[in-house]
Amino acid sequence: MLKMAKHYLWVLLATILFSSVLIHQASALTDPSDVTVLQDLYKSLNQPPQLDGWKLNGGDPCEESWKGISCSGSSIMFIKINGLELNGSLGGNLFNLFNLKQLDVSFNHIEGEIPSSLPPNATHIDLSFNNFNQNIPFSLTSMKYLWHLNLSHNSLSGPVGNVFMGLPNLKQMDLSYNNFTGDLPSSFGSLTNLTGLFLQNNQFTGSVVFLAYLPLTDLDIRNNHFSGVIPKQFENIPNLWFSENAFQIGADYPPWSFPTDTIPTDQNVENFPKAQSNAIENYPVPREGKQKQKRLTPGAIAFTVGGVALVATCAAALLAIQIKRSHPSKLENLENNHSGYHTPVSTATVIGEVFLSAFILMHFYYFILSLSRTHA
């Protein structure tokens, strides 16, 4: 009986320890590579006090609710730190945020070049109303999931290269209020899902022919140096602004379905259109900071290990007590055998009592553990 009881005790202990490992794995913290990127970003932004909870060393962005950070599981999904009067730069490690869907640093004072590589799987990038300079990085061509790009109200300059190839999902793009020059690149013509394009208040030149066959519903090209003729296809764009350019208006001008003097050239789009769909419509927005499925803190993990040890100790003690109690029963059985009676002690009964006690202890332990998670 003692040998069997020991065997079942080892099975019980193995089950408890395995459960503890599963609990520890379920409590996985933020992906270390994501944490490193945020620490680099924090340093590049000059460690602003506005970013509550952020740290240069250590810390866990998802568990500790770093300001502007939203997660799913152990991955950082959203960085929304707009309108916080931040300065400095964006650093050079954002491309390591493989699961990031939205990056919004708009309405700050961030300067320097746009990082040469942005989060590769992002759907929404908003760097507007900052002090970014130079040009658009060529790595943009690899962002095949990009839905919305807003680089407006910066100090970007120079001719725009063919950086818009490989963006089949791009629907909204705002490059307005910069210092771009030169002709539009031919890669504009590859944006076959683009519905909103805002190029106003730059120094673009040349033809707009590459925009003729795009499915645009909003197009603003005012206050540039575009020339030539306005493509006839533009008459199908519901919201069109093209004044203050050098387009040809004369006898040879292609006919419109409505008189040119009724074209709505005076519409006001000082701000980016408000009626946008969710830029991450296929990705439900996770809660900022701690998730619905709470992960264990280091203290809770220590509590788990301590609890496992306590349950194992109690189980062993109960087993020892039951075995000890069984010895008098054996003597009594021997005496009864001599008197003609036989009342054997059941090994299954002893083991059953041990398992019942351990089962009750385990449930009590996990009840206490659930209370600790609730108040964590």
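Visitor: Leaving aside its neighbours within four places in sequence, which residues is Ser152 in contact with?
Guide: This is a predicted model, to start with. In it, Ser152 is in contact with Ser128, Phe129, Asp174, Leu175, Ser176 and Asn178.

Visitor: Where is the place of Ser152?
Guide: In a loop. Strand S7 (148-150) comes on one side of that loop and strand S8 (157-159) on the other.

Visitor: Is Ser152 buried or exposed?
Guide: Buried. Its relative accessibility is 2%, and the cut-off for buried is under 20%.

Visitor: What does its side chain join up with?
Guide: The side chain of Ser152 has a polar contact with that of His153, at 3.3 Å.

Visitor: Switching to cysteines. How many disulfides does the count come to?
Guide: One. Cys62 and Cys71 form it, with their sulfur atoms 1.9 Å apart.

Visitor: Left-handed or right-handed?
Guide: Left-handed, because the torsion about the S-S bond is about -90 degrees.

Visitor: And are those cysteines buried or exposed?
Guide: Cys62 counts as buried at 1% relative accessibility. Cys71 counts as buried too, at 0%.

Visitor: Now the open sheet. What order do its strands have?
Guide: The order is S8-S10-S12-S14-S16, five strands with parallel pairing. S8 and S16 stand at the edges with a single partner strand each, so one side of each has no neighbour in the sheet.

Visitor: How many bridges join S10 to S12?
Guide: Three. S10 covers residues 179-183, S12 covers residues 203-206, and they run parallel.

Visitor: On to aromatics. How many pairs does a search of the whole structure find?
Guide: Eight. Among them, Tyr42 and Trp54 have ring centres 6.0 Å apart and planes at 50 degrees, so that pair is tilted.

Visitor: Where do Tyr42 and Trp54 lie?
Guide: Tyr42 lies in helix H2 (residues 32-44), and Trp54 in the loop between H2 and strand S1 (69-72). The pair therefore ties together parts twelve residues apart in sequence. Tyr42 counts as buried at 10% relative accessibility. Trp54 is buried as well, at 5%.

Visitor: What about Phe204 and Phe226, stacked or edge-to-face?
Guide: Stacked. The centres are 6.0 Å apart, with 10 degrees between the planes. Phe204 is in strand S12 and Phe226 in strand S14, 22 residues apart. Phe204 has a relative accessible area of 0%, so it is buried. Phe226 is buried with 0% as well.

Visitor: Which residues do ring pairs link into a cluster?
Guide: Phe180, Phe204, Phe226, Phe242 and Phe247.

Visitor: Which ring does the charged end of Lys101 sit over?
Guide: The ring of Tyr145. The distance to its centre is 6.0 Å.

Visitor: Back to loops. What is phi of Asn223 near?
Guide: It is near 55 degrees, a positive value in a residue other than glycine. Asn223 is in the loop between strand S13 (218-220) and strand S14 (225-228). It is partly exposed, with a relative accessible area of 30%.

Visitor: And Glu244, what is its phi near?
Guide: Near 60 degrees, again positive in a non-glycine residue. Glu244 is exposed, with a relative accessible area of 55%. Its loop runs between strand S15 (239-241) and strand S16 (246-247).

Visitor: Last one. Which side chain does Glu235 make a polar contact with?
Guide: That of Lys232, at 2.8 Å. Glu235 is in the loop between S14 and S15, and counts as buried at 16% relative accessibility.

Terms used
Residues numbered from 1 in each chain as written. Predicted model: local features only at pLDDT ≥ 70, side-chain atom pairs only at ≥ 80, totals over all residues. Heavy atoms only, no water. Disulfide = S-S within 2.5 Å. Buried < 20%, exposed > 50% of the residue type's maximum accessible area, 1.4 Å probe, protein only. Helix = DSSP H or I, 4+ residues; strand = E, 2+ residues; numbered from the N terminus. Polar contact = N/O pair within 3.5 Å; in protein donor to acceptor, adjacent residues only side chain to side chain. Contact = heavy atoms within 4.5 Å. Pairing = 2+ DSSP bridges. Phe/Tyr/Trp six-rings, centres within 6.5 Å; stacked < 30°, edge-to-face > 60°. Lys NZ or Arg CZ within 6 Å of the ring centre and 35° of its normal.
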